[in-house]
Amino acid sequence: MRRQLAIFSIAMPLSIYALAQEHQEHASLGAHEHGVASLNLAIEGNQVSIDLDSPAVNLLGFEHAASQPEDIAKVAAVQAQLHHAEQLFQFPADAGCTLASVDLDSPLFAEHEHEEPAHEDEHETAEHEHEEHNHQHADIEAQFIFNCAQPAALSSLQLPLFSVFPGLQRLNLQAITPNGQLGAELTPDRPVVSFN
Ligand SMILES: [Zn+2]
């Protein structure tokens, strides 16, 4: 990393800051602890954005690339569940929030986005089995954006997320709301945060 920074400082001084920040974010994310995930939430005008960063095992039950049919089916099911984020994050009905977009990012999702020739698939299967033996870790990052007709009514957030994904035991929430910043630790027993 130090070498990368040195190269960038000569070539593109302006990007150093962004690069350093990116590394910092990844470093803080580096606390890859099974059962724990982070949730960053921001309420801005009519929009609520939610960033979820989680070890893949919390949502999927495994972290190796899916090669067996049941694993591939599980990956597809989890992607579908994340795309129905209105069933994972619930705001007061009065706020009139609707899900506007979902953006998913994970090394375990990537290969399903484009078709690969059959012979490469076979090759990859062998590689994945190898990875499995190495106990590689993988994260799932997801960004959800909700539009809310009455943002003044955004008094709380409830997280059915915990019931949908029992592997998730603790969520470290950081929120920026019109009332200021707050941090909270949410669990299956305490799946609600108040913004008042
Ligand atoms: Zn892991």
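## Close-up views of the zinc site and the open sheet

**View 1. The site of the zinc ion is tetrahedral, with angles of 102 to 117 degrees among its four donor atoms.** In this predicted model, the protein donors are His-32 (NE2), His-34 (NE2), Glu-63 (OE) and His-137 (ND1), which lie 1.8 to 2.0 Å from the zinc ion. Along the chain these donors follow the spacing H-x1-H-x28-E-x73-H.

**View 2. His-34 and Glu-63 link distant parts of the chain, being 29 residues apart.** His-34 sits in the loop between α2 (13–29) and β1 (36–44), whereas Glu-63 belongs to the loop between α3 (56–60) and α4. Glu-63 has a relative accessible area of 8% and is therefore buried, while His-34, at 43% relative accessibility, counts as partly exposed.

**View 3. Six strands form an open sheet with mixed pairing, in the order β3-β4-β2-β1-β6-β7.** The edge strands, each of which pairs on one side only, are β3 (97–105) and β7. On average, and with direction ignored, neighbouring strands of this sheet are turned by 15 degrees against each other. Helix α4 (residues 69–83) lies across β3 and β4 and runs at about 145 degrees to β3.

**View 4. Two antiparallel strand pairs of the sheet are shown in detail.** Strand β2 (residues 47–55) is joined to strand β4 (residues 139–148) by nine bridges, and within this pair Ser-54 stands opposite Ile-140 in β4. Strand β6 (residues 170–177) is joined to strand β7 (residues 180–186) by seven bridges, with Asn-172 standing opposite Glu-185 in β7, and a hairpin connects β6 to β7 through two residues.

Note on methods. Residues are numbered from 1 along each chain as its sequence is written. This is a predicted model: local features need pLDDT of at least 70, side-chain atom pairs count only at pLDDT 80 or more; totals for chains, interfaces and linings use all residues. Side-chain values use heavy atoms; hydrogens and water are left out. Two strands pair if DSSP finds at least two bridges between them. Helices (H or I, at least four residues) and strands (E, at least two) are DSSP runs, numbered from the N terminus. Axes are lines fitted to C-alpha atoms, for helices over the stretch in contact, and angles run from 0 to 180 degrees between N-to-C directions. Contact means heavy atoms within 4.5 Å. Donors are N, O and S atoms within 2.8 Å of the metal (3.2 Å for Na, K and Ca); water is not among the atoms, so sites may look incomplete. Four donors count as tetrahedral if all angles lie between 85 and 135 degrees; four count as square planar and six as octahedral if opposite donors are over 155 degrees apart and all others between 65 and 115; anything else is irregular. Buried means under 20% relative accessible area, exposed over 50%, partly exposed in between (1.4 Å probe, protein chains only).
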